[in-house]
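User: Please go through the strand pairing and the aromatic contacts of this model, one point at a time.

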Amino acid sequence: MNGKGPEDARAPAVPPPLEWKFSQVFGERAAGEEVQEVDIISAIEFDKSGDHLATGDRGGRVVLFERTDVRDHGCRRDLESLDYPISRHPEFRYKTEFQSHEPEVQEKKVKRISKMNLDPSQAAANGSIASSSTASPRVCLPNGGCSYNYMSNDFSFPPGGFPSLRLPAVASQETSLVARCRRIYAHAHDYHINSISNNSDGETFISADDLRINLWNLEISNQSFNIVDVKPANMEDLTEVITSAEFHPNRCNTLAYSSSKGSIRLIDLRQSALCDNHSQLFEEAPGSRSFFTEIIASISDIKFGQDGRHILSRDYMTLKLWDINMDSGPVATFQVHEYLRPQLCDLYESDSIFDKFECCLSGDGLRVATGSYSNLFRVFGCVAGSTEAATLEASKNPMRRQGQNPARPARSLSSLTRVVRRGAETSGIDANGNSYDFTTKLLHLAWHPTENSIACAAANSLYMYYA
């Protein structure tokens with residue numbers, strides 16, 4: 001009756017563009033402060049609830065943050081179900097840290113910290129604190145006063161003590177957490193591990209390096225199963241390497257991995273013990289070829305959407321969104337570094353062309369994000385008709401370099417048509433007329449699983465934003 005077809009009726013409403021605001025920063029650098037290599041953040045991830053956030057740095061240190069803005073009122077999801085008004089933006093605080101491994105010593109080992117344990121030395125018996133032999137020689141009286149009494153050596157308490165004397169009990173509200181390494185999964189990789197992904201079955205996980213993917217049982221640390229091996233008999237015949245791997249969020253038998261040739265392979269663990277053959281292959285045929293074609297096509301990161309239907313991939317130039325039900329090509333392409341195409345020679349000489357940028361999806365699947373140079377990150381809307389394409393800076397004023405310049409409106413993913421979206425593209429100049437700084441790069445970021453909140457790393461600083 002309203003003139004809309006079935007496809008229009010299924011199409012979700014286009015959400016308005018988000019207005020991002022600064023929330024917090026941890027480890028902010030002072031102007032001109034030099035950053036140590038070991039302090040540079042190399043990984044960021046929220047847990048499934050979004051109440052904890054972990055970062056890892058190149059020195060092997062893992063820092064854990066916990067959320068504080070909903071702690072006094074219970075779980076945020078419970079409050080939302082009760083229509084409880086939540087006006088505060090997400091806030092986190094430092095909780096604890098531990099040393100995962102020593103740099104350049106244990107980098108080929110996979111470690112699992114199963115849980116955080118209370119330090120027994122921090123807890124006093126029966127909720128009281130034992131007295132020290134060096135304590136001040138004073139007695140606290142029942143009326144609250146204190147009497148300093150230097151007792152002689154022959155003083156003794158009467159049998160049964162003093163019934164009217166009450167000693168104060170000291171209780172600490174702070175909990176001291178200590179991480180203990182429960183297992184070390186070692187000697188299974190000859191090259192640097194680039195990916196670790198937990199399975200939805202809660203029993204297994206995978207670890208991947210350039211040539212192999214191994215399947216582990218969480219309870220067995222001395223044995224793993226090699227499920228993917230791309231190493232040729234002669235290393236001179238090697239044409240591609242594994243760059244990233246991740247389990248499907250819902251199917252425990254399915255995982256995906258990407259390669260340096262720009263392809264994504266979906267494999268089914270039920271097919272065979274060694275998954276030499278993939279069940280699906282996702283790749284896009286390049287147009288005109290050049291010396292840099294294969295380099296910029298290399299996929300640096302892949303992420304499954306929470307719905308399990310879409311895969312987001314990041315190569316040097318673009319973000320691509322894939323539908324696992326359609327392997328003929330991506331359903332959407334978002335241009336991130338197209339403005340750098342004329343500078344590929346310089347980027348190759350400086351090795352910047354080999355930078356590995358990560359990507360992430362929002363929990364509702366409506367938006368995607370990735371990092372760029374000059375500590376910038378891009379947020380794109382991927383719903384039918386959305387024109388959202390924002391450029392933000394990892395600083396206390398994220399909208400300073402905000403720009404929106406989509407090439408065309410996005411179309412519905414259900415229409416199976418490919419679309420191309422562009423961010424704020426310039427010839428190396430930002431909105432303020434400043435040149436892009438290739439020495440400052442935002443490689444790592446993570447989207448909160450249930451809210452529009454992003455955590456991103458700029459060198460040793462952790463910035464958090466909300467919308």
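**Aromatic pairs and strands**

Analyst: Both Phe357 and Tyr373 are buried, where buried means under 20% relative accessible area, exposed over 50% and partly exposed in between (1.4 Å probe, protein chains only). This is a predicted model, in which local features need pLDDT of at least 70 and side-chain atom pairs count only at pLDDT 80 or more, while totals for chains, interfaces and linings use all residues. Residues are numbered from 1 along each chain as its sequence is written, and side-chain values use heavy atoms, with hydrogens and water left out.

User: How many aromatic pairs does the count come to?

Analyst: Rings of Phe, Tyr and Trp (its six-membered ring) pair if their centres lie within 6.5 Å; planes under 30 degrees apart count as stacked, over 60 as edge-to-face and the rest as tilted. By this rule the count comes to 20 aromatic pairs.

User: What is the geometry of the aromatic pair formed by Trp20 and Trp447?

Analyst: The ring centres of Trp20 and Trp447 are 5.6 Å apart, with 75° between the planes. The pair links distant parts of the chain, 427 residues apart, with Trp20 in the loop between helix 1 (6–10) and strand 1 and Trp447 in strand 29. Helices (H or I, at least four residues) and strands (E, at least two) are DSSP runs, numbered from the N terminus. The geometry of the Trp20 and Trp447 pair is edge-to-face.

User: Why is one side of strand 1 and of strand 29 left without a neighbour in the sheet?

Analyst: Two strands pair if DSSP finds at least two bridges between them. The open sheet of 4 strands has antiparallel pairing and the order 1-31-30-29. One side of strand 1 (21–26) and of strand 29 (444–447) has no neighbour because both stand at the edges, each with a single partner strand.

User: Which residue in strand 31 is the bridge partner of Ala457?

Analyst: Strand 30 (residues 453–458) and strand 31 (residues 461–466) run antiparallel and are joined by 6 bridges. In strand 31, the bridge partner of Ala457 is Leu462.

User: How many residues of strand 4 are buried?

Analyst: Strand 4 (residues 61–67) is joined to strand 3 (residues 52–57) by 5 bridges, and 7 bridges join strand 4 to strand 5 (residues 92–99). Both pairings run antiparallel. Strand 4 is mostly covered, and the number of its 7 residues that are buried is 6.

User: Which residue in the turn between strand 3 and strand 4 has a positive phi?

Analyst: Strand 3 and strand 4 form a hairpin with 3 residues between them. The residue in the turn with a positive phi, of about 85°, is Gly60.
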